[in-house]
Amino acid sequence: MPDMPCQFLIGHMRDLLSLSRGLQGSKKGLVICQNEVPGLRVPSLIWSTDLPFGRCPDNTCVPCTGSLMGLGDIISQQLVERRGLQEHQTGRTLTMVCMGCGFVGPVVGGWYRVLDRLIPGTTKVDVLKKMLLDQGAFAPCFLGCFLPLVGVLNGMSAQDNWAKLKRDYPDALITNYYLWPAVQLANFYLVPLHYRLAVVQCVAIVWNSYLSWKAHQL
C-alpha cells in the first residue's frame, strides 16, 4: 500500500510546483492570490470567492470532508477491493461520511487553528516546526482515535477493536509518513489557514481510500 500514496504524492507535488511558478489565476476554482506569503517569493494559493470555500470555508469544509471521506470509501470498495456495485456496502460508505462530518472535519480543522496560534510565523523554520508538531504529535493521536472509532461504529466488541488497533495502527502510521510530511510542508508554506483543510482533503482522497480499506480490513 505505501506505493499508492507515494505515487500520488509525486504527482501532487509536481502540481504544486507548477502552480507556484506563476500559473495565471482564473475566477473559478483554485486561483493564485496576488499577495505573497511573508518570507516566500511565490504567490499564496487560495480558493476563488466564486466557490463555496471562498465564501464560507469554515462552514463548508466539514460537509466537504464528509463527502470526500465517502468518496474515498467508494474508491476503496470499487477500485482497491473490487467489490462491484452489487456487493458495495452502502452502510460502510455512510459510516465514513459520518466520520468525516463528525470527527475528521471538526478535529483536523480545529487542530490547524490551534497549530497556527502555537506557531504563528510563516518562515521556513516555522513551517518546519508546524510539520514536525503535526506529524509527531497530532498524526499518531488522530490515527489512534480514528481506527477504533470506525470499529465502534461498525459494532465491533471492545476486545476485537483493541486487537485490530494493535494490528493495524503501526502500518497505518508508517504509511502516513510516506505521504503527509511533504504534503504538510507545502500546505503550511503555501496555503492560508482557512483553506488548509480543503487542500488536505483534496489530497486525502487517496489517503481516505487507504484508511477505509485499513479500518474495515478484518
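Let's start inside: Q184 is buried, at 3% relative accessible area (buried means under 20%, exposed over 50% and partly exposed in between, with a 1.4 Å probe and protein chains only). Before going on, note that this is a predicted model, where local features need pLDDT of at least 70 and side-chain atom pairs count only at pLDDT 80 or more, while totals for chains, interfaces and linings use all residues. Residues are numbered from 1 along each chain as its sequence is written, and side-chain values use heavy atoms, with hydrogens and water left out.

So what does Q184 touch? Not counting residues up to four places away in sequence, Q184 touches Y112, M131, D134, Q135 and V200 (contact means heavy atoms within 4.5 Å). The side chains of Q184 and Y112 are joined by a polar contact of 2.8 Å. A polar contact is a pair of N or O atoms within 3.5 Å; within protein, one must be able to donate a hydrogen and the other to accept it, and residues adjacent in sequence count only if both atoms are side-chain atoms.

Q184 sits in helix α6 (helices are DSSP runs of H or I with at least four residues, numbered from the N terminus). Helix α6 (residues 158–190) packs with helix α7 (residues 196–215) at about 160°, their axes 11 Å apart; axes are lines fitted to C-alpha atoms over the stretch in contact, and angles run from 0 to 180 degrees between N-to-C directions. That makes α6 roughly antiparallel to α7, a label for angles over 145 degrees. Among the residues making the contact are Q184 and W180 of α6 and V200 and W207 of α7. By class, the contact of α6 with α7 has 12 nonpolar, 4 polar and 5 charged residues (Ala, Val, Leu, Ile, Met, Phe, Trp, Tyr, Cys and Pro count as nonpolar, Asp, Glu, Lys and Arg as charged, and the others, Gly among them, as polar).

Now for the other pair. Helix α4 (residues 90–118) and helix α5 (residues 124–153) have axes that come within 11 Å and cross at roughly 160°. That makes α4 roughly antiparallel to α5. Y112, the polar partner of Q184, is one of the α4 residues that meet α5. This contact has 18 nonpolar, 1 polar and 3 charged residues.

Helix α4 also holds R92, and R92 is buried, with a relative accessible area of 4%. The R92 side chain makes a polar contact of 3.2 Å with the side chain of S76. Leaving aside neighbours within four places in sequence, the contacts of R92 include D73, E81 and H216.

Definitions and conventions:
Helices (H or I, at least four residues) and strands (E, at least two) are DSSP runs, numbered from the N terminus. Angles under 35 degrees count as roughly parallel, over 145 as roughly antiparallel, 65 to 115 as roughly perpendicular and the rest as oblique.
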